[in-house]
Amino acid sequence: MKGWTSTNLAQNQTSKWTNVNQTVRDEKIGILCLQETHLTTDHKNQIDNLFSRRLRVLSTSNPTRPGNSAGIAFILNKEIINTADAKMKILVPGRAAVLSVKWHKNETINILNIYAPNNMNEHRSFWEKISSEWTAAHAGDIDFMMGDFNITEELIDRAPARHDHESATEALRDLRSTLNLQDTWRLENPNTRTFTFSSNHNTLSRLDRIYTSTRHLNSMTGWNSQISHIPTDHHMVSTRFAPPGLPHIGRGRWSWPIGIMKDESLIKQIVKLGINKQQQMEEINVRDGTTNPQKLWITFKKEITDLA
């Protein structure tokens, strides 16, 4: 997020948290992981007061400079998922935390939110601490790991192409191996180049990624990387998780836009069509497969739908 834009969230309509709320609503996002939030306790309270009807926010901040550095947050959409039993375990304050939330059939999924250090020399100890803290917690497997990793693992993920700090990369791979996580998008798109961050030095990189458990390989769909409506210098990366056994949800019933109900010309045409169909029904003497009220009703609905 690169900070929160304004100290007065209640009055400033350009606040990034207004954009967060709108993005979660419009994109129908169940869980949004944010990095570099810079949230203080006061900011968190303001956010809860403003957006608690739709959002539940779980966050952790930099212990010494909460309003100026680091900070991560899980944004839960109450309209889509059950947030009542959601819990967060902090592994590295302001930089790594795990969200545990109930999913389909009361199963729990664990999501690791990451904001890695910019200093490559700090990476090995950072990834090792995450591994040791989670192992000691005995809280199950990690299903997803996502965030701003400030490092890439593959040459193709930088332009100009180059290898990243070897020790830092090895430490990240060791953690992935321990947690049984993979870069599923890269595995599915081995030759595709996409970037989520552009630096001031005219370089591009895929710093923002979503790793998934190997057991979810066939449950991921709708991978996307796009410019976010939330003002930031990173792209938003997203995917859809559809584990086996989920009920199929269709497109739903078509309905008229409420606004056209005030269109008097349209209403007059519909009334005229309705009267005509009613007369046709009254004139039916013998019902058969082609002449009956049900067929006329279907025709009527199609005609008014075309009008709308």
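This is a predicted model: local features need pLDDT of at least 70, side-chain atom pairs count only at pLDDT 80 or more; totals for chains, interfaces and linings use all residues.
One is formed by six strands in the order β4-β5-β6-β7-β12-β9, and its pairing is mixed. The edge strands of this sheet are β4 and β9 (181-182), each of which pairs on one side only. Within the sheet, β5 and β6 pair in the antiparallel sense over seven bridges; Ser100, for example, has Asn110 in β6 as its bridge partner. In general, the strands of a sheet pair through backbone hydrogen bonds, in either a parallel or an antiparallel sense.

The other sheet consists of three strands in the order β8-β11-β10, with antiparallel pairing. Here the edge strands, each pairing on one side only, are β8 (158-159) and β10 (197-198). Two bridges link β10 to strand β11 (residues 204-205) in the antiparallel sense, and Ser198 has Leu204 of β11 as its bridge partner. The peptide bond that joins Ala159 and Pro160 is cis, with omega at about 0 degrees.

The three strands β8, β10 and β11 also contribute to a pocket: each supplies at least two residues of the lining of the second largest pocket. The volume of the second largest pocket is about 480 Å³. Its lining comprises 22 residues, of which Asn118, Asn150, Phe197, Ser199 and Leu207 are the closest to the centre.

Helix α3 (residues 123-137) contains 15 residues and spans 21 Å from its first C-alpha to its last, close to the 21 Å expected at 1.5 Å a residue. Its buried residues are His123, Phe126, Trp127, Ile130, Ser131 and Trp134. Viewed down the axis of α3, these buried residues fall within an arc of 130 degrees, and they therefore line one face of the helix. An α-helix has 3.6 residues a turn, so residues three or four places apart point the same way. The elements that cover the buried residues of α3 include β4 (87-92), β5 (96-102), β6 (108-115) and α4 (166-179). Three of these covering elements, β4, β5 and β6, are strands of the six-stranded sheet.

Just after α3, His138 takes a positive phi of about 50 degrees, although His138 is not a glycine. This residue is found in the loop between α3 and β7 (144-148). His138 counts as exposed because its relative accessible area is 71%, and the cut-off for exposed is over 50%. A positive phi, near 55 degrees, is also found at Lys28, a residue other than glycine. Lys28 lies in the loop between α1 (16-26) and β1 (31-35) and is exposed, with a relative accessible area of 57%.

Trp223 lies in strand β13 (residues 220-227). Its relative accessibility is 18%, so Trp223 counts as buried, the cut-off being under 20%. Beyond its neighbours within four places in sequence, Trp223 is in contact with Thr184, Trp185, Glu188, Ile210, Thr212, Ser238 and Thr239. One of these contacts, Ser238, is 15 residues from Trp223 along the chain, yet the two C-alpha atoms are separated by 5.8 Å.

Glu282, by contrast, is found in helix α6 (residues 264-282) and counts as exposed, at 59% relative accessibility. Glu282 and Leu307 are 25 residues apart in sequence, and 24 Å lies between their C-alpha atoms.

Notes. Residues are numbered from 1 along each chain as its sequence is written. Side-chain values use heavy atoms; hydrogens and water are left out. Helices (H or I, at least four residues) and strands (E, at least two) are DSSP runs, numbered from the N terminus. Buried means under 20% relative accessible area, exposed over 50%, partly exposed in between (1.4 Å probe, protein chains only). Contact means heavy atoms within 4.5 Å. Two strands pair if DSSP finds at least two bridges between them. The expected span of a helix is 1.5 Å times one less than its number of residues. The arc is that of the directions from the helix axis to the C-beta atoms. On a 1 Å grid over the protein atoms alone, a cavity is a set of points where a 1.4 Å probe fits but cannot get out, and a pocket is an open set with protein on both sides within 12 Å along at least five of seven lines; lining residues have an atom within 4 Å of a point. Grid points are joined across faces, edges and corners, and a volume is the space filled by probe spheres set on the points.
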